[in-house]
Amino acid sequence: MINGSTNVVGLIGHPVEHSFSPSMHNAAFKKLGLDYAYVPFNVFPDNLKSAILGAKALNIVGFNVTIPHKINVMKYLDKLDPIAKLIGAVNTIDFKEMKGYNTDGIGCIKAIEEVTSIKDKNVVVAGAGGASRAISFYLAKENPQSINILNRNVKKAELLVRDVKSSKLTDNINFDSIDKIASYVNDADILIDTTPVGMSPHINDESIVKSEDMHSDLVVNDIVYNPNETVLLNEAIKAGATPVYGIKMLLYQGAESFEIWTGKEAPVDVMEKTLRKTLNL
Ligand code: ATR
């Protein structure tokens with residue numbers, strides 16, 4: 001029930017109407033009996049500055065930030081979490097400190113850590129776009145034995161690797177063409193696909209790796225959550241590998257944001273149940 005002292009958090013993006021975050025967060029607030037409400041705000045790019053200043057003036061507690069504002073919003077904040085600064089994109093704002101965070105990458109790490117640790121593992125990351133960037137800096141923090149970023153546009157992978165190396169988080173990171181993915185996967189413990197291959201409505205895309213090029217000790221994470229079982233995860237299951245579904249990254253990035261705003265441990269079970277219901281899983 002909204003009342004005179006309800007704390008408001010929300011999502012800014014353009015568009016926002018298909019977001020699963022409102023139902024996930026509102027279910028979590030209800031579960032813990034917290035007097036918070038999560039509201040979506042469709043903010044046109046030209047209105048971003050006034051939206052941030054307005055939100056501060058309205059004593060809004062926090063925002064999630066989505067496309068197309070994740071980069072531009074940084075210039076209106078006073079502080080940035082060190083990793084968000086390295087990534088160069090923010091998906092969470094804490095208005096108490098006017099501070100930006102990036103919980104996307106940590107969401108992926110936590111999803112994988114449900115089934116395996118990352119330390120000392122050989123990790124292959126397919127794709128070198130925004131999602132790959134958020135994930136790669138967090139991966140680097142976990143001290144894997146190797147990170148190989150494979151991309152169609154090899155130059156883009158090279159630039160990302162250069163940035164991660166210059167952060168000094170790790171030196172064990174290299175790039176190559178995605179054409180060579182089969183041989184990299186052969187030596188890998190963990191494969192993370194950050195490309196949109198297989199995303200609805202293109203569910204019948206050709207998988208970036210086939211089951212015959214996977215092995216049963218491999219953990220395969222696809223960050224695409226619609227469909228739940230992408231063509232890549234289907235190949236992983238055929239190979240006897242361990243699938244990590246995209247919904248888990250969505251869940252854990254939300255849980256991290258929740259904890260930043262409320263200071264309370266997120267009720268991930270309720271959040272996951274709500275996400276599954278919203279996604280008809
Ligand atoms: P996001 O923010 O979701 O990461 P993005 O920044 O557009 O989105 O990045 C998409 C990534 O998926 C890129 O690495 C892209 O490769 P290129 O840099 O070569 O374009 C990759 N990608 C998109 N479609 C792909 C496909 N059909 N096969 C392989 N990689 C693909």
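The model is a predicted one.

An open sheet of 6 strands runs in the order E2-E1-E3-E5-E6-E4. Its pairing is mixed. Strand E2 (36-42) and strand E4 (79-80) stand at the edges. Each has a single partner strand, so one side of each is left without a neighbour in the sheet. Within this sheet, strand E5 (residues 92-94) and strand E6 (residues 99-101) pair in the antiparallel sense, over 3 bridges. There, threonine 92 stands opposite tyrosine 101 of E6.

Helix H1 (21-32) lies across E1, E2 and E3. H1 runs at about 170 degrees to E2. Helix H9 (residues 246-262) lies across E1, E2, E3, E5 and E6. Its direction is at about 5 degrees to that of E5.

Now turn to the other sheet. Here 6 strands form an open sheet in the order E9-E8-E7-E10-E11-E12. The pairing is parallel. Strand E9 (173-177) and strand E12 (242-244) are the edge strands. Each has a single partner strand, so one side of each lacks a neighbour in the sheet. From one strand to the next, the twist averages 20 degrees. Strand E7 (residues 122-126) and strand E10 (residues 190-193) run parallel, joined by 4 bridges.

Helix H4 (residues 104-113) touches E10, strand E11 (219-222) and E12. The direction of H4 makes about 140 degrees with that of E10. Helix H5 (residues 130-141) touches E7, strand E8 (146-151) and E10. The direction of H5 makes about 170 degrees with that of E8.

Next comes the ligand. Which residues surround the ligand? They are Gly127, Ala128, Gly129, Gly130, Ala131, Asn151, Arg152, Asn153, Lys156, Thr195, Pro196 and Val197. This shell divides into 4 nonpolar, 6 polar and 2 charged residues. Gly130 and Ala131 are in the shell, and helix H5 covers residues 130-141. Asn151 is also in the shell, and strand E8 spans 146-151.

An oxygen atom of the ligand is 2.7 Å from an N or O atom in the side chain of lysine 156. For the side chain of arginine 152, the distance from a ligand oxygen atom to an N or O atom is 2.8 Å. Glycine 130 contributes through its backbone: a polar backbone atom is 3.0 Å from an oxygen atom of the ligand. Taken alone, the ligand exposes 650 Å². The protein buries 64% of that area.

Finally, look at the backbone. Most residues other than glycine have a negative phi, and most peptide bonds are trans. A cis peptide bond joins histidine 14 and proline 15, with omega about 10 degrees. Proline 15 is in the loop between strand E1 (7-13) and helix H1. Another cis peptide bond joins serine 200 and proline 201, again with omega about 10 degrees. Proline 201 lies in the loop between E10 and E11. Asparagine 59 has a positive phi, near 60 degrees. Its place is the loop between helix H2 (48-57) and strand E3 (62-65).

Technical notes:
Residues numbered from 1 in each chain as written. Predicted model: local features only at pLDDT ≥ 70, side-chain atom pairs only at ≥ 80, totals over all residues. Heavy atoms only, no water. Near = heavy atom within 4 Å. Polar contact = N/O pair within 3.5 Å; in protein donor to acceptor, adjacent residues only side chain to side chain. Areas by Shrake-Rupley, 256 points an atom, 1.4 Å probe, with all protein chains shown as cover. Nonpolar A, V, L, I, M, F, W, Y, C, P; charged D, E, K, R; others polar. Pairing = 2+ DSSP bridges. Helix = DSSP H or I, 4+ residues; strand = E, 2+ residues; numbered from the N terminus. Axes fitted to C-alpha atoms, helices over the stretch in contact; angles between N-to-C directions. Contact = heavy atoms within 4.5 Å.
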